[in-house]
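Subject: Handover of a structure

Dear colleague,

I am passing on the structure shown below, together with an account of what was found in it. Please read the two side by side.

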Amino acid sequence: MMPEDSAELRALYAAFKKNHLNPLWTQIGDLMPAHPKPRAKAHVWKWSELYPLAQRSGELVPVGRGGERRAIGLANPGLGGEAYVSPTLWCAIQYLGPKETAPEHRHSQNAFRFVVEGEGVWTVVNGDPVRMSRGDFLLTPGWNFHGHHNETDQPMAWIDGLDIPFSYQNDVGFFEFGSDRVTDYATPDYSRGERLWCHPGLRPLSGLGNTVSSPIGAYRWEYTDRALTEQLLLEEEGQPATFGQGHAGVRYINPTTGGDVMPTIRAEFHRLREGVETATRREVGSTVFQVFEGRGAVVMNGERKTLEKGDIFVIPSWVAWSLEAETQFDLFRFSDAPIMERLHFNRTLVEDADA
């Protein structure tokens, strides 16, 4: 369909440009490829390199109004320097020093925290103090006031995940300052939300209405670990309990709907037995993993990268990937799957169904 070059054609194209127009026939290969061709790159960030940089930031950069958080965003090397781990997701390592307080604020963007090591920090969400400990998955849904305080003499770091790129591209973001401190410095073992909602199979009669995001502030490691352990034990007994052979998995859910914890972010936890290799998969949408414990590898587009505790990697849309477990391999995962599913763009291809 490409026309022959001529003075008249060049004049037409100049008029297009002057009037902020682009003809479809010059760009359809980029706009409508045969399959997703993401600009984002499959990439691994090593915890052994991230954590010392966060420590150094703790020595040089204060926490307070202006910067708000000592959070270091993971910038995907294919996205032009933006602090986006993918076109829809944001991931950062956040570092809070001894006795420090990160002031309260709220924003439209949905957020969570996952703790790979450490304890001693409480995040206060809408006035409810929530303990942060190793293996815990903690929610800050959109437009909830939240701040953090460290009650110990030791620093603590964790990862943050948000839908900032998706919100930014679609111009839906709002932000508001809250208290310069936190509204409650209590340090309970369990938040009020957990005390109300975290009883298996039971729903409070005071909370029969469905909520957009989960009312649970913290999903505790002890329950995640137990669920994964029991799946593998059931598998040993010959029961169909695992996601794949030697591969246990759970999804964190909103107890009011049974769906995802937040409207834009899905979160899961995976455990592979030593020696297990997963099938190769391709999925529409972005996925981020952090290694919680163990050693193994990820293969992305045929390139194998070794992994150990704390390492973070991103799998862009339609990139082929699989996992290999050298030891028992525990991984936290989050993705933009709720967006893709709600818009009916979701698609999965398992390339090696026999693995």
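This is a predicted model: local features need pLDDT of at least 70, side-chain atom pairs count only at pLDDT 80 or more; totals for chains, interfaces and linings use all residues.

Helix α3

Helix α3 covers residues 47-60. Its 14 residues, at 1.5 Å a residue, should span 20 Å, and the end C-alpha atoms are 20 Å apart, which agrees. The buried residues of α3 are Trp47, Leu50, Tyr51, Ala54 and Ser57. Viewed down the helix axis, they fall within an arc of 115°, so they line one face of the helix. The elements against which the buried residues of α3 pack include β1 (43-45), β3 (90-96) and β19 (312-315).

The open sheet

Six strands form an open sheet in the order β2-β3-β10-β5-β8-β12, and the pairing is antiparallel. Strands β2 and β12 are the edges, each pairing on one side only. Two bridges join β8 (residues 137-140) to β12 in the antiparallel sense. Phenylalanine 137 has tyrosine 219, in β12, as its bridge partner.

Aromatic rings

The model has 22 aromatic pairs. One of them joins phenylalanine 269 and phenylalanine 292 edge-to-face, with 5.7 Å centre to centre and 75° between the planes. Phenylalanine 269 lies in strand β14 and phenylalanine 292 in strand β16, so the pair ties together parts that are 23 residues apart in sequence. Both phenylalanine 269 and phenylalanine 292 are buried. These two belong to a cluster linked by ring pairs, whose members also include Phe137 and Tyr219, the bridge partners named above. Elsewhere, arginine 131 lies over the face of tyrosine 190, at 5.3 Å from the ring centre.

Valine 115

Is valine 115 buried or exposed? Its relative accessibility is 0%, and buried means under 20%, so valine 115 counts as buried. Valine 115 is found in the loop between β5 (111-114) and β6 (119-125). Leaving aside residues up to four places away in sequence, valine 115 touches a set of residues, among them Met132, Leu138, Trp158 and Phe292. The C-alpha atoms of valine 115 and phenylalanine 166 are separated by 24 Å, and the two residues are 51 residues apart along the chain.

Yours sincerely

Notes. Residues are numbered from 1 along each chain as its sequence is written. Side-chain values use heavy atoms; hydrogens and water are left out. Rings of Phe, Tyr and Trp (its six-membered ring) pair if their centres lie within 6.5 Å; planes under 30 degrees apart count as stacked, over 60 as edge-to-face and the rest as tilted. Helices (H or I, at least four residues) and strands (E, at least two) are DSSP runs, numbered from the N terminus. Buried means under 20% relative accessible area, exposed over 50%, partly exposed in between (1.4 Å probe, protein chains only). A charge sits over a ring if NZ of Lys or CZ of Arg is within 6 Å of the ring centre and within 35 degrees of the ring normal. The expected span of a helix is 1.5 Å times one less than its number of residues. The arc is that of the directions from the helix axis to the C-beta atoms. Contact means heavy atoms within 4.5 Å. Two strands pair if DSSP finds at least two bridges between them.
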